[in-house]
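Here is a short briefing to read alongside your view of the model. Keep the structure open and follow the points by topic.

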Amino acid sequence: FKFTISADKEQIKAENLNSTAMVEFVLLGFSDTPSLQRTLFGVFLLIYLTILMCNSFIILITKTDPALQTPMYFFLGIFSCLEICYVTVTIPRMLMDLWTQKGHISFLACATQMGFFFMLGGTECLLLTVMAYDRYVAICNPLHYSLVMNHKFCMQLVAASWITAIPVAIGQTWKVFSLPFCASHTINHFFCDVPPILQLACGDTFLNEIAVFVVADTVVFIMVPFLLIVVSYGKIISSIMKLSSARGRSKAFSTCSSHLTVVVLFYGTATITYLQPKPDQSEGMGKLISIFYTALIPALNPIIYTLRNKDIMTALRKVLPKLLA
């Protein structure tokens with residue numbers, strides 16, 4: 001009996017030692033396809049440079065073109081700035097790992113990456129809701145649009161998006177990294193995301209998953225913002241359908257189509273990733289979906305906003321010759 005108690009103490013001590021000794025992780029990334037490492041490096045580098053260039057153009061023209069000094073383009077400029085920061089949290093690290101083929105990342109660096117990823121991604125979710133509200137006021141209450149959406153109120157909405165996202169992101173990250181890690185230190189992913197990190201934790205992580213996914217992701221960043229967007233667009237569509245002019249309806253729909261497309265892409269992939277039951281999603285599929293919302297969709301967003309927006313295309317035609325001269 002004494003021997004059993006002693007053995008149990010030694011086992012607990014060993015587990016605690018393993019959990020406290022976790023000072024770094026190894027991101028496996030795309031190590032299962034070693035022959036494609038250099039090719040993937042080139043592809044993701046091209047995607048990253050495209051995102052930087054396209055979003056920088058949008059920021060430039062929304063700040064300098066007099067015709068784009070409206071709340072809609074103010075929010076678009078903020079969104080483009082967020083997109084640059086959002087992809088910079090994950091893609092440069094992924095490019096370095098593809099080039100060096102090592103993938104070592106410290107415990108602190110991993111937690112920092114996750115924290116910024118959640119903060120910026122959450123702010124984008126909330127900002128998309130703000131942009132939907134802007135379209136609602138513009139279409140459903142056009143006579144009071146300039147009065148309601150004044151510069152001070154727009155700044156307050158942007159600040160509220162940041163202020164709401166920061167404590168939630170910190171809380172999420174703390175919840176995940178306060179767990180004891182006594183399993184393998186290898187993360188089968190290309191960045192520090194919640195699902196693969198939780199797989200390394202000791203014991204039952206069900207309550208932590210509920211706290212992270214349901215309370216934070218579902219309520220704050222997905223469910224409430226998405227419902228607000230749906231309500232806004234429900235009222236927008238109702239107002240548009242009441243317009244007697246077909247040209248007026250077409251113009252009103254065109255101002256919303258780009259934003260609605262981005263919302264569907266962004267929330268669609270986020271929902272699949274964070275709300276799908278863990279056993280139903282393979283690690284390979286998880287990485288593939290993550291590529292969509294960390295690289296491909298941010299690369300598509302500026303293209304969607306520019307190609308479907310006549311004002312931005314006109315502004316680009318003005319500024320490009322000056323930049324290339």
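Helix 3, helix 4 and helix 9 each give at least two residues to the lining of the second largest cavity. This is a predicted model, and the second largest cavity in it holds about 140 Å³ of space. Of its 14 lining residues, Met72, Met131, Thr255, His259 and Tyr305 come closest to the centre.

**Cavities**
- Two cavities of 30 Å³ or more are counted in the model.
- Sorted by class, the lining of the second largest cavity is made of six nonpolar, five polar and three charged residues.

**The largest pocket**
- The space in the largest pocket comes to about 590 Å³.
- Its lining has 19 residues, and Lys251, Ala252, Ser254, Thr255 and Asp311 are the ones that lie nearest the centre of the largest pocket.
- At least two lining residues of the largest pocket come from each of helix 3 (71-100), helix 4 (107-140), helix 9 (246-275) and helix 11 (310-324).
- Which helix gives the largest share of this lining? Helix 9 does, with five residues.
- Nine nonpolar, five polar and five charged residues make up the lining of the largest pocket.
- If you are looking for a residue to start from, Thr255 is among those nearest the centre of the largest pocket and is also listed among those closest to the centre of the second largest cavity.

**Helix 2 and the annotated segments**
- Helix 2 covers residues 37-64, and its 28 residues reach 40 Å from first C-alpha to last, close to the 40 Å expected at 1.5 Å a residue.
- The buried residues of helix 2 include Phe41, Phe44, Tyr48, Cys54 and Asn55.
- An unreviewed UniProt entry places the feature "transmembrane region" at several stretches, among them 40-61 and 288-307.
- Residues 40-61 are 100% helix and 0% strand in the model, with their end C-alpha atoms 32 Å apart.
- Residues 288-307 are likewise 100% helix and 0% strand, and here the end C-alpha atoms are 26 Å apart.

- Three strands make an open sheet in the order 2-1-3, with mixed pairing.
- Strand 2 (104-106) and strand 3 (186-187) each have a single partner strand, so one side of each has no neighbour in the sheet.
- Strand 1 (residues 24-27) and strand 2 run antiparallel and are joined by three bridges.
- Which residue of strand 2 is the bridge partner of Val26? That partner is His104.

Key. Residues numbered from 1 in each chain as written. Predicted model: local features only at pLDDT ≥ 70, side-chain atom pairs only at ≥ 80, totals over all residues. Heavy atoms only, no water. 1 Å grid on protein atoms, 1.4 Å probe; cavity = no way out; pocket = protein on both sides within 12 Å on 5 of 7 lines; lining within 4 Å. Points joined across faces, edges and corners; volume = space filled by probe spheres on them. Helix = DSSP H or I, 4+ residues; strand = E, 2+ residues; numbered from the N terminus. Nonpolar A, V, L, I, M, F, W, Y, C, P; charged D, E, K, R; others polar. Expected span 1.5 Å × (residues − 1). Buried < 20%, exposed > 50% of the residue type's maximum accessible area, 1.4 Å probe, protein only. UniProt positions renumbered as here; feature names shortened; annotations may be inferred. Pairing = 2+ DSSP bridges.
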